[in-house]
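The sequence and the structure are shown first.

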Amino acid sequence: MVYLSIPDLKYVQWLSKSSTKISSSDGVPIELWDLNHQHDDTILSEWAKHFRNHYCLDSMIDCLRDGTGLSRKDYLINMIFPDNKEDFGPITRSGDFGEIIVADWLEYLKNYWVPRSRYANKATRNESVKGSDVIGIKFHSQGSFSVKDELTICEVKAKLRSSNSDNPIQKAIDDSIKDNKRIGLSLNALKRHLIEDNLDSEADKVKRFQNPIKSPYKKTFNAVAVFSNSTYSDEFVHNASVVAHPNSEHLHIIVIKGENLMELVHHLYGRAADEA
């Protein structure tokens, strides 16, 4: 199942690029974005629906829960969403939230096409999905391929609770190194999901990027760290370095932060289940 997102998603208005200038230890500029979320029931309900449909389309919930004896809410809480307390559920919730918000940032604010297929195909709800975290596609012109077409790959790390001292910016940079090797498998999985959903024209968009030798294009990388304000530290920024990244000249570093994001995450999952 592939979710192709809401055309006009309102909560992204709460994302704003900061004028504060920050850079890594080796002088690489870092984009800083603030998520100034508010208590607006209309916008939060739309956001929760958007969130829910990454895991299970609303049109499929009744069919999928049939035979379980569970209500829509209980089916989502017990069978689909990462748990809010048990096992690796909270960590998975945090990671999934980070990836989804980065996908939204890439699609709505950076104007990439970002098909979503990762979360509906989970075998275990309390585990993250392997492969490239977020893939964005941008065509230079309509109706023809160009060497200026762009494939961008995001490695996302979220630190929404003060559970350890790891630097998520550096971790995102280091793990981004793997994306050049695993992107082929991720594109193949994405194309397969699109074909299975009878989205052949979308599958053709992905196919265009599967053979860079025959059909060259522009490839860029993004290392993204998502923080709660309480877990963010300038020290993470100043200690980050891209020196080991083989594609550092095509690497962008992004930081997104907001107030009490773990509480927001739990609220979104709860609202998504309550309003199904």
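Of the contacts in the protein chain with a separation of 6 or more, 74% are accounted for by residues 24 or more positions apart. The model is a predicted one, and its secondary structure comes to 9 helices and 7 strands. Along the principal axes, the C-alpha atoms of the protein chain fill a box of roughly 55 × 45 × 30 Å. The radius of gyration is 19 Å, which agrees with the value near 19 Å that a compact globule of 276 residues would have. Buried residues make up 51% of the 276 residues. The accessible surface of the protein chain comes to about 13200 Å², and 49% of this surface belongs to carbon and sulfur atoms.

**Helix packing**

| Helix pair | Axis separation | Angle |
|---|---|---|
| H4 (residues 89-109) and H9 (residues 261-274) | within 10 Å | roughly 95° |
| H2 (residues 58-65) and H3 (residues 72-80) | 10 Å | about 85° |
| H3 and H9 | 7 Å | about 140° |

The axes of helices H4 and H9 cross at roughly 95°, and the two helices are therefore roughly perpendicular to each other. On the H4 side, the contact is made by Pro 90, Arg 93, Ser 94, Asp 96 and Phe 97, while H9 contributes Leu 261, Met 262, Leu 264, Val 265, His 266, Leu 268 and Tyr 269. By class, the residues of this contact between H4 and H9 divide into 8 nonpolar, 2 polar and 2 charged.

Helices H2 and H3 pack at an angle of about 85°, which makes H2 roughly perpendicular to H3. Here Ile 61, Asp 62, Leu 64 and Arg 65 of H2 meet Arg 72, Tyr 75 and Leu 76 of H3. The contact of H2 with H3 has 4 nonpolar and 3 charged residues, and no polar ones.

Helix H3 also packs against H9, at an angle of about 140°, and these two helices are therefore oblique to each other. Lys 73, Leu 76 and Ile 77 in H3 meet Ala 272, Ala 273 and Asp 274 in H9. This contact of H3 with H9 comprises 4 nonpolar, no polar and 2 charged residues. Leu 76 takes part in the contact with H2 and in the contact with H9.

**The segment after H9**

Ala 276 lies in the segment after H9. With a relative accessibility of 27%, Ala 276 counts as partly exposed. Leaving aside residues up to four places away in sequence, Ala 276 touches Arg 52, Ile 61, Arg 72 and Leu 76. Among these, Ile 61, Arg 72 and Leu 76 also belong to the contact between H2 and H3. From C-alpha to C-alpha, Ala 276 and Leu 261 are 22 Å apart in space and 15 residues apart in sequence.

**Residues in loops**

Asn 111 is placed in the loop between H4 and S4. Its phi is near 65°, a positive value in a residue other than glycine. Asn 111 counts as exposed, at 58% relative accessibility. Asn 260, in the loop between strand S7 (251-258) and H9, likewise has a positive phi, of about 50°, although it is not a glycine. At 41% relative accessibility, Asn 260 counts as partly exposed.

The loop between H4 and strand S4 (134-138) is also the place of Trp 113. Not counting residues up to four places away in sequence, Trp 113 touches Leu 4, Ile 135, Gly 136, Ile 137, Leu 194, Glu 202, Lys 205 and Val 206. Trp 113 and Gly 136 are 23 residues apart in sequence, and their C-alpha atoms are 5.5 Å apart in space.

**A buried cysteine in a strand**

Cys 154 is located in strand S5 (residues 150-159). Its relative accessibility is 0%, and Cys 154 therefore counts as buried. Apart from neighbours within four places in sequence, Cys 154 is in contact with Val 102, Leu 106, Asp 133, Val 134, Asp 179, Asn 222 and Val 224. The C-alpha atoms of Cys 154 and Ala 48 are separated by 23 Å, and the two residues are 106 residues apart along the chain.

Notes:
Residues are numbered from 1 along each chain as its sequence is written. This is a predicted model: local features need pLDDT of at least 70, side-chain atom pairs count only at pLDDT 80 or more; totals for chains, interfaces and linings use all residues. Side-chain values use heavy atoms; hydrogens and water are left out. Axes are lines fitted to C-alpha atoms, for helices over the stretch in contact, and angles run from 0 to 180 degrees between N-to-C directions. Helices (H or I, at least four residues) and strands (E, at least two) are DSSP runs, numbered from the N terminus. Angles under 35 degrees count as roughly parallel, over 145 as roughly antiparallel, 65 to 115 as roughly perpendicular and the rest as oblique. Contact means heavy atoms within 4.5 Å. Ala, Val, Leu, Ile, Met, Phe, Trp, Tyr, Cys and Pro count as nonpolar, Asp, Glu, Lys and Arg as charged, and the others, Gly among them, as polar. The radius of gyration is taken over C-alpha atoms; the globule rule is 2.2 Å times the number of residues to the power 0.38. Buried means under 20% relative accessible area, exposed over 50%, partly exposed in between (1.4 Å probe, protein chains only). Accessible areas come from the Shrake-Rupley method with a 1.4 Å probe; for residues, only the protein chains shown count as cover.
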